[in-house]
Amino acid sequence: MRKNKRKQSITTQYIRLIGIFAFAFIIGLVVLLGYQKYIHNQYAETNKHLQEKEAAAHQLERTFNQIFFEMRGYLAFDNITMRNKALQLEDDTTELILLLKKAAVTEEDLLFISEVSDFQSYYFEVFIPELLTAYETEANSDKSIAMNIAQQNGTQRVNELQSSMSSYTNAVDSHILENFKKYSLKQTISQWFFVVFLFFMLGMLATFVRFMFKRLGTPLSELAAAAEEISLGRDIVTFPQNDIREDELGTLSRAFEKMIRSIQENEQNLVAQNEELIAQQDELHVQKDELEFALNKIQVNETNLKRRNDLIKSLSTSLNKTDVLQNIVENFSRLLNADHGLIATTDLNIEYAAFGLSDEEIKQYIYHQYSGIIQRLYKTKQAFTIQRKCTPEEKGYHVSELYCYDFYIPVLSADNELVALMTFTRFANTFTKQEIEEYTAISKQISLSLERIRLFEESEFNRLLTQDMINTLHEGVQLVDDKGTILQENTIIQKLFIVNPITMVNESFETWSTKILPSIEDGAALMCFLKTIISDGTPQQSTHTYHITSPVKRVMQVYYEELYRGNKKYGTLFVHRDITKEYEVDQMKSEFVSTVSHELRTPLSSVLGFTELMLNKDLKPERQEKYLLTIYQEAKRLTALINDFLDVQRMESGKQTYEKKFENLLPIIHQVIDMYNENEPDHIFQIQKKTANTTVLGDNDKLIQVFNNLINNAVKYSPAGGEIKVVLYEKEHSLCIDIIDQGLGIPEEALPNLFTKFYRVDNSDRRKIGGTGLGLSIVHEIMKAHEGTVSVTSILRKGSRFTLTFPLVESKATEEKVRNDFQSFSLDDSVHVIVIEDDKNLASLLTTELEDNGFHVLQYMQGDAGMEAIKKYKPDTIVLDIMLDESGINGWEILEQVKHDSDLQDIPIIISSALEEKEKGFKLGASEYLIKPYPPHKLSSTILQTLLIKEKSGQILVPAKTES
């Protein structure tokens with residue numbers, strides 16, 4: 001019990017001393033910190049009060065300065081706004097003075113506030129009213145009295161106030177500085193107290209530590225010395241005499257002594273065992289070194305095998321030559337521990353891959369591939385190495401002389417041909433003979449891989465070439481095997497059936513047929529046809545026609561060819577041909593034949609019938625005239641039909657010629673409408689001219705044909721009558737003509753096909769309306785030849801609007817004058833005309849027409865006689881047929897002879913022929929070209945116009961007086 005109390009009293013003593021020290025330190029620290037906080041709060045409160053006074057004084061000074069500035073501005077510039085602003089600031093000065101009164105503490109503050117208040121009262125209640133009264137009552141040109149008041153009464157008081165404000169603010173600044181100095185002095189004193197307190201506490205701590213060291217340090221030092229002796233391997237005979245101590249150190253010393261005695265007793269046994277273990281350890285070290293060497297060798301071999309495996313894998317995992325070459329050079333570089341590497345093919349289209357090389361270095365290697373040291377590979381076809389000095393770029397930051405080793409490896413084909421070159425560079429270590437042999441052998445694997453890629457590329461090229469070839473076909477192509485699985489197809493077949501084309505290659509018959517069936521009308525018949533062929537059956541017909549309903553309506557025809565390799569059937573080739581156009585044309589031709597037969601037979605029946613009546617019966621003159629008029633109209637109708645057929649044929653063959661001149665469209669439109677005014681009483685024709693420029697460059701006859709076809713359609717498809725309006729206007733540098741009717745209108749689905757040859761709207765309202773379906777097609781072709789367009793808008797049962805668009809041109813005044821004044825010319829003397837025409841009836845008709853118009857005519861039916869008459873009489877003009885009697889010369893020969901004769905070449909020649917050879921006629925020198933049939937009066941007007949343009953003598957053509 002006594003020992004336990006001894007232990008407890010020592011421990012308690014140490015704890016009590018530590019507690020007293022900590023308590024004294026905390027009490028002193030709290031007192032110092034409290035004092036620091038007190039002086040800081042006192043300083044902050046005083047400083048805040050002074051800063052508020054300073055801020056208010058500065059603000060008051062700025063406000064008065066602004067008032068002075070505004071009043072001076074008012075006096076200088078007579079600016080009422082500045083005066084009002086100065087007066088408004090009076091309230092601000094009052095508030096600032098009240099703020100200063102609240103912050104006033106010293107007599108100096110109260111004195112300053114009193115002075116400022118007096119100035120404010122004087123300035124706003126006395127000075128400003130007096131100044132404003134003087135200033136505002138003076139004349140505008142004389143403000144001297146107000147200025148004198150401002151200078152005499154105001155300037156001194158203002159200066160005194162500003163001086164007083166400046167002194168006050170300086171005094172406040174001095175108080176702030178003085179307050180700061182007091183605070184700094186107290187802070188310094190507080191810090192010195194803290195330093196003294198800290199030193200005092202450190203002294204107490206040192207005394208406490210010294211006491212502890214004295215009580216604990218000595219026995220611990222003795223124990224440490226004993227432990228050191230033991231650590232040095234010395235035997236300890238005597239231990240520190242701490243047996244008398246009953247505290248913790250005594251217990252520790254006795255336990256330590258027992259432990260040392262036990263250690264010394266076991267040391268002898270441990271030494272013996274240790275010697276035996278050391279011997280075993282030496283043996284284990286030797287075995288360990290052997291194992292580490294073997295392990296390193298295994299790891300090196302494993303790394304090499306892994307790199308070889310990566311190389312072999314890279315050769316077989318891809319057929320892309322670029323990827324394979326890159327994999328080869330990278331894996332080979334790792335296998336060789338090379339720092340740089342490059343592989344390049346030797347064919348014309350050199351391909352390469354590099355590792356650790358710049359673009360410039362690669363270009364240099366490729367450029368010198370067939371020269372220099374690389375040429376050695378071409379000659380020897382054996383691998384070799386060279387040692388060379390490192391270039392500055394390769395040396396990096398090294399300045400001493402360094403060497404590197406280049407390893408050149410040929411890649412040979414099975415025919416011992418060089419197919420690729422490999423070059424690798426390694427620093428510091430040369431390439432051994434074993435490495436050269438080993439990696440040369442590996443290059444054969446690379447050769448096999450490149451050969452495999454070459455064969456694949458050739459196969460792929462041929463495959464793509466075949467695919468590209470069948471993709472260029474306009475027919476859909478499918479190659480299927482004997483079970484119906486698609487082996488190959490082109491893009492057309494995909495687009496035929498599927499909105500978003502996807503490939504159907506390698507799909508079974510059941511799969512791809514299911515995909516296309518929804519878009520085919522009567523798909524079961526098509527599938528039956530295909531199945532019969534695939535199963536080696538023989539269909540009833542070699543082709544099958546079917547209809548596609550979506551995504552676009554088409555008519556298709558499929559035929560097949562069986563493919564054989566040797567005697568074995570390889571597959572079946574199905575070709576799907578789009579015959580939509582042919583189908584539509586065939587339908588239109590069928591309808592056209594029936595329509596044309598009706599259109600031709602109807603007027604022909606009338607001609608034959610009325611002719612027979614006139615031949616077999618005696619008729620009254622008026623009845624004969626009526627029948628003749630009917631025959632004439634029906635003949636014109638037949639002529640128009642035939643001309644339409646011929647026009648279409650010429651336009652399709654590209655032989656249609658146009659004699660373009662500057663034509664005013666307005667007279668042409670009037671001419672066409674005049675033909676319908678008398679015969680169509682139910683229709684009202686109206687022309688609206690919204691532009692003065694109505695001239696175009698065009699063929700007069702073709703332009704008449706265009707307007708005749710469109711106005712005829714407007715009349716035909718307005719069976720109930722109504723207004724037909726023609727509107728001429730300009731739009732975006734074009735001349736536009738609208739032909740507007742109030743007829744049946746056109747269905748929306750028919751608009752895209754309206755200008756197609758033979759097309760007629762299939763509608764019950766139109767079945768009784770005749771027509772061949774060629775008129776609008778001819779209009780479209782004529783407008784295209786005139787660099788114009790024709791378009792249509794229509795509302796069903798409300799009417800249609802056809803719009804013609806011509807390029808705007810400048811009118812030619814001279815030709816217009818000739819054309820407009822042509823009717824004013826008359827014949828003063830006979831014009832001599834020679835007509836060479838082998839058709840007796842037509843020649844008689846033309847002669848009669850010309851003689852009735854005052855021409856002197858000589859008629860010849862043979863070319864030879866006509867040529868002799870031309871040489872003999874030298875006529876004013878010649879009317880010449882091309883197809884003359886075969887026994888003599890034809891019209892072309894006469895034309896050439898006349899134009900090559902210097903005495904005759906100025907005679908204008910007008911060709912009258914059924915042949916459409918205008919281009920050839922004009923090229924040989926013809927002045928005009930009339931195509932049979934044509935109205936006889938047109939020949940007379942053409943001769944007069946030709947002679948007028950050729951400036952014939954005034955004895956023949958004399959202008960009549962024009963109205964002013």
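K874 is partly exposed, with a relative accessible area of 45%; buried means under 20% relative accessible area, exposed over 50% and partly exposed in between, with a 1.4 Å probe and protein chains only. This residue sits in the loop between α21 (863-873) and β22 (877-880). Helices (H or I, at least four residues) and strands (E, at least two) are DSSP runs, numbered from the N terminus. K874 is not a glycine, yet its phi is positive, at about 45 degrees. Most residues other than glycine have a negative phi, and most peptide bonds are trans.

The model is predicted: local features need pLDDT of at least 70, side-chain atom pairs count only at pLDDT 80 or more, and totals for chains, interfaces and linings use all residues. Residues are numbered from 1 along each chain as its sequence is written, and side-chain values use heavy atoms, with hydrogens and water left out.

**Other loop residues**

N506 also has a positive phi without being a glycine, near 70 degrees. The peptide bond from K932 to P933 is cis, with omega near -5 degrees, and P933 is in the loop between β24 (928-931) and α24 (936-949).

| Residue | Relative accessible area | State |
|---|---|---|
| N79 | 28% | partly exposed |
| Y370 | 46% | partly exposed |
| N506 | 62% | exposed |

N79 lies between α1 (2-77) and α2 (80-103). Apart from residues up to four places away in sequence, N79 touches G73 and Y74; contact means heavy atoms within 4.5 Å. N506 is found in the loop between α11 (491-497) and α12 (509-516).

Y370 belongs to the loop between α7 (359-367) and α8 (375-380). With neighbours within four places in sequence set aside, its contacts are T346, D347, I350, Q375 and Y378. Y370 and T346 are 24 residues apart along the chain, and their C-alpha atoms are separated by 9.3 Å.

**The chain as a whole**

The chain holds 24 helices and 25 strands. Of its 964 residues, 38% are buried. Among contacts between residues at least 6 apart in sequence, 62% join residues at least 24 apart.

**Nonpolar cores**

A nonpolar core is a set of buried Ala, Val, Leu, Ile, Met, Phe, Trp, Tyr and Cys residues joined through side-chain atoms within 4.5 Å. The largest one has 39 residues, and L665, I737, L804 and F806 have the most contacts inside it. Two or more residues come from each of α16 (665-677), α17 (700-716), β15 (722-730), β16 (734-740), α18 (775-785), β17 (789-795) and β18 (799-807). The element that gives the most to this core is α17, with eight residues. Beyond its neighbours within four places in sequence, L665 is in contact with T694, V696, L703, F707, L735, I737 and F806. A second, separate core has 34 residues, including M71, A104, I113 and I128.

**A helix pair**

Two packed helices are described by the angle between their axes and the distance between the axes. For α6 (residues 321-336) and α10 (residues 433-472), the axes come within 11 Å and cross at roughly 170 degrees. The two helices are therefore roughly antiparallel. Axes are lines fitted to C-alpha atoms, for helices over the stretch in contact, and angles run from 0 to 180 degrees between N-to-C directions. Angles under 35 degrees count as roughly parallel, over 145 as roughly antiparallel, 65 to 115 as roughly perpendicular and the rest as oblique.

The contact residues divide into 11 nonpolar, one polar and two charged. Here Ala, Val, Leu, Ile, Met, Phe, Trp, Tyr, Cys and Pro count as nonpolar, Asp, Glu, Lys and Arg as charged, and the others, Gly among them, as polar.
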